[in-house]
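User: I have a model open and would like to learn how to read its features one at a time. Could you walk me through it?

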Amino acid sequence: MFRQGKPVRLWHSNHTLQGAQSLALRPRLLGTSWNTLGLSAPSSYRPLTTETGDGNTGHIEAKRNEGILFLNNVFPLRLQWLLWLTNQGENVMEKRVSNYPAEVLKKALPDSSSVQVTGLVPRFKEGGAFVRFAHDDTTNKEEIEAKVQKYLETHHQRPWWNPLVYVHGQLVRGRPFVEDLLRRPPSFRLKIEFISNTAGETAELSQEKLYSLFRPYGKLQDIESQPSDSKILPKYAYLEFAQVKRAIMARNCLHNFMVPGEAEGAPLARLKISYEERRRANWIKDWLTNHPRITLPILFALAAGLSIVVFDPIRTFFIKMHVTRAFHFTDNRIYQWFARQANDLISLRGRKPQDASLQTIWASRQDNIEQLQKWFMESSDTFIVVQGPRGSGKRELVVEQALKDVSNKLIIDCRPIVDARGDGPTISAAADQVGYRPVFSWMNNISGLIDLAAQGATGMKTGFSETLDAQLAKILANTATALKEIALDGRDKNEKHMSEDAYLEAHPERHPVVVIDNFLHKNQDNAMVYDKIAEWAASLTSSNIAHVIFLTTDVSFSKSLSKALPDRVFRQISLGDCAPDVAKRFVISHLDAQDPSSRERENEKDGAVSTHLTPSQRRTDLAELDSCISALGGRLTDLEFLARRIKAGETPNKAVKEIIEQSASEILKMYLFTSSSNGTDGSKRLWTPQQAWVLIKQLAKADSLAYNALLLSSSFSPATADATLQALEQAELISIVSSNGRPYAIKPGKPVYQSAFRMLTEDKVLASRLDLAILNEQIKAENASIAKTEDELHLLGELPKQPGELLGRVQWLLNKVMVSQGKIEGWEREVAVLKAVLTNDF
């Protein structure tokens with residue numbers, strides 16, 4: 001706008017000719033000159049003051065027979081920033097106005113020679129200028145002001161920069177403060193402070209007095225007096241003009257003006273005027289803040305709509321890239337070619353041991369692989385469930401074999417989703433599984449706080465925070481949209497006439513495949529997540545968008561899936577343990593895989609007799625494999641563990657023994673020696689160590705147990721027996737065999753557990769300790785039953801008369817007490833024996 005302390009040239013008579021010559025060369029504000037007005041220019045001029053007043057003091061002094069006029073609309077008020085662009089900006093503006101005030105006075109007073117302009121102070125900041133003039137004793141300053149105003153009103157002097165506005169002038173009655181503070185721009189609003197000229201007294205003017213003083217300078221919008229209870233000194237008031245230029249005029253003319261008090265004897269009040277930032281009429285903001293029940297839901301709806309418009313296409317794009325693996329460089333053809341060339345140059349081109357040995361398993365399960373591939377070619381009922389115990393190779397069978405040639409497949413692992421703690425980590429885990437980016441899981445907590453605050457302010461929820469259910473639904477909905485776009489990407493020009501549904505139904509081979517792994521993992525704690533996934537998968541198959549495969553270890557999967565598809569029959573493949581001969585071939589194949597001699601045999605010419613022996617042929621202890629596999633079972637993970645230990649140099653019998661011992665230690669830690677209230681992961685357990693030991697003892701003697709017979713055991717409560725057994729199945733101690741949806745048998749959770757159960761029961765000290773705990777529980781239960789029976793007998797004995805009808809009831813209660821007492825006495829004898837074992841044995 002301007003620079004502090006920069007000298008601004010003024011003129012004064014009786015000075016050098018050099019100043020007059022420079023002044024004569026300056027351009028005119030209105031395009032006129034001294035000669036055109038019939039005036040002679042002063043003989044000489046000199047710098048008299050600056051924009052910041054006399055001697056940079058910030059004030060302009062008027063001596064005797066001198067007056068000061070303030071003219072507005074001399075400079076453009078809204079374009080002061082242009083002065084900052086060049087160093088000569090203020091000089092140029094000064095030249096444009098240098099002789100204009102004298103011209104105005106001469107035209108306003110054509111017959112007067114007693115008035116002479118003695119100085120000019122331009123106010124670039126306020127768009128005007130102070131004109132100092134001198135007059136003789138015969139002329140009154142008020143008369144000069146009146147003539148100047150009359151001339152300006154009749155002749156309408158227009159500034160050079162805007163022909164639509166006029167120049168106005170007023171006499172300065174106070175002592176103006178000509179500051180150049182950048183942070184105090186002109187404003188509609190003025191602050192008037194009343195400074196008393198008498199020490200110790202306060203001065204204040206009423207609104208009527210202020211109106212009479214300031215109304216001549218322009219129309220007022222409001223007058224705001226200081227609150228009556230305010231203790232701030234000096235007293236003050238606020239005035240608001242309709243136009244900024246009117247406020248500028250009032251401030252420059254009345255600053256430091258002395259006003260007599262209104263009451264008799266009141267002190268004089270000196271007006272100290274400053275600009276105040278205008279209080280804008282924010283009626284829109286006030287309405288919005290005063291109606292939160294309307295504005296908050298609208299605001300949040302707009303925010304949600306904006307997020308959908310902006311982020312949903314981005315998230316759908318990233319999901320498509322995740323499914324098609326467009327950003328996975330290992331699927332790039334160039335990378336694969338270089339990988340093949342590198343494998344041909346180095347000696348590690350043989351297959352991995354796992355890949356080579358698994359070929360034996362896949363050969364035995366070729367029928368399942370072909371069946372899955374046939375189902376993928378069908379357009380309906382592609383809702384497939386692959387069920388099997390953990391470690392049976394479900395994921396490898398589906399992903400690496402049945403889907404090895406399918407390029408568009410989405411694998412969702414439920415384990416990290418249900419294992420996440422809290423809503424935010426759960427949302428992040430679900431988004432990571434499908435490639436949903438960007439995801440702002442942390443916003444869920446912030447949204448909850450905002451919703452809580454809004455509820456406290458308005459009395460109702462805004463709906464800004466979304467539940468976990470809604471967040472998962474949004475992620476799955478975007479995933480469904482991406483899968484549908486992938487399925488429709490293959491349409492050519494000849495198929496554009498077909499509708500999307502018709503195209504999807506006609507080309508099931510182009511559907512992407514969704515594999516949902518670890519379905520119903522920890523089902524008792526995360527039923528909502530699995531229900532949501534099942535409903536989403538059902539919508540994919542019913543809309544012919546994708547094929548869906550569930551991988552689960554839970555035999556009761558039909559209960560959860562039937563809610564989503566009650567009218568469909570699931571395609572099901574059950575995977576069990578390997579047969580003994582397949583298990584033996586698997587172990588031998590694992591031993592022979594990646595052996596140098598096997599690669600040398602492959603390189604030998606056809607018909608040549610190989611002199612190299614495989615590792616399995618060089619070993620003499622593999623005859624033990626039959627008995628070892630019989631004890632270990634056909635679980636794939638256990639067989640692979642056995643093959644690794646044998647390959648490390650252990651004999652089969654030693655390897656199986658150590659595997660059984662390790663399984664026994666695992667059972668002790670997970671099921672028998674942990675707290676009865678919490679499991680190893682901190683979750684609440686639904687079984688007791690005594691109940692687990694009952695199952696272990698009975699399964700050590702038999703391969704399977706009758707499900708209903710076990711429910712009658714005294715260690716299981718009839719009300720909670722089913723839930724207890726299901727919890728033990730989820731913990732993989734046992735497996736429940738069902739027929740037509742009805743459980744009928746109980747088997748060990750893993751085949752190796754059968755041998756581990758026998759090892760645990762053969763430990764005399766361990767068996768005595770756990771049997772003692774069971775006996776103590778049974779004795780406690782029988783004592784409680786006897787106490788209850790005795791209470792009833794006591795109640796019957798207090799009757800005044802003993803009816804004959806109660807004799808049978810009394811006799812039955814007495815027999816019950818006798819039987820319970822007999823049980824307790826027998827158990828007490830067994831307890832004594834077990835305590836002796838614990839005392840004497842180690």
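Analyst: Gladly! This is a predicted model, in which local features need pLDDT of at least 70, side-chain atom pairs count only at pLDDT 80 or more, and totals for chains, interfaces and linings use all residues. Residues are numbered from 1 along each chain as its sequence is written, and side-chain values use heavy atoms, with hydrogens and water left out.

User: How many helices and strands are there in the protein?

Analyst: Helices (H or I, at least four residues) and strands (E, at least two) are DSSP runs, numbered from the N terminus. The protein has 31 helices and 17 strands. Buried means under 20% relative accessible area, exposed over 50%, and partly exposed in between, with a 1.4 Å probe and protein chains only. Of the 842 residues, 44% count as buried.

User: How do I read a sheet? What is the order of the open sheet of five strands?

Analyst: Strands of a sheet pair through backbone hydrogen bonds, either parallel or antiparallel. Here, two strands pair if DSSP finds at least two bridges between them. The five strands run in the order β6-β7-β5-β9-β8, with antiparallel pairing. At the edges are β6 (220-225) and β8 (258-259), each pairing on one side only.

User: Which residues are bridge partners in β5 and β7?

Analyst: β5 (189-196) and β7 (236-241) are joined by five bridges. Glutamate 193 has tyrosine 236 as its partner in β7, and isoleucine 192 has alanine 237. β5 also pairs with β9, over eight bridges, where serine 196 stands opposite alanine 269. Seven of the eight residues of β5 are buried, so this strand is largely enclosed by the rest of the structure.

User: Which strands do helices α5 and α6 lie across?

Analyst: Axes are lines fitted to C-alpha atoms, for helices over the stretch in contact (heavy atoms within 4.5 Å), and angles run from 0 to 180 degrees between N-to-C directions. Helix α5 (207-214) lies across β5, β6, β7, β8 and β9, at about 145° to β6. Helix α6 (244-254) lies across β5, β7 and β9, at about 145° to β9.

User: What is the order of the open sheet of three strands?

Analyst: That order is β15-β17-β16, and the pairing is antiparallel. β15 (705-706) and β16 (734-739) each have a single partner strand, so one side of each is left without a neighbour in the sheet. Helix α28 (721-730) packs on this sheet, touching β16 and β17, and its direction makes about 115° with that of β16. Two bridges hold the pairing of β15 and β17, with leucine 705 opposite isoleucine 746.

User: Which residues of helix α29 are buried, and what covers them?

Analyst: In α29 (751-762), the buried residues are Pro751, Val752, Tyr753, Gln754, Ser755, Ala756, Phe757 and Leu760. Their cover includes α23, α24, α25, α26, β17 and α30.

User: Which residues make the nonpolar surface patch?

Analyst: Patches are made of residues with over 30% relative accessible area and no salt bridge: like charges are joined within 9 Å, nonpolar side chains (Val, Leu, Ile, Met, Phe, Trp, Tyr) within 5 Å. Accessible areas come from the Shrake-Rupley method with a 1.4 Å probe, and for residues only the protein chains shown count as cover. Ile284, Trp287, Leu288, Ile294, Ile298 and Leu302 form a patch of about 590 Å². Helices α7 (283-290) and α8 (292-324) each supply at least two of its residues. Leucine 302 is in α8 and counts as exposed at 58% relative accessibility.

User: How many salt bridges are found in the whole structure?

Analyst: The search finds 26. Arg123, Lys125, Glu126, Glu179 and Arg251 are linked in a network of salt bridges.

Methods:
A salt bridge is a side-chain nitrogen of Lys or Arg within 4 Å of a carboxyl oxygen of Asp or Glu.
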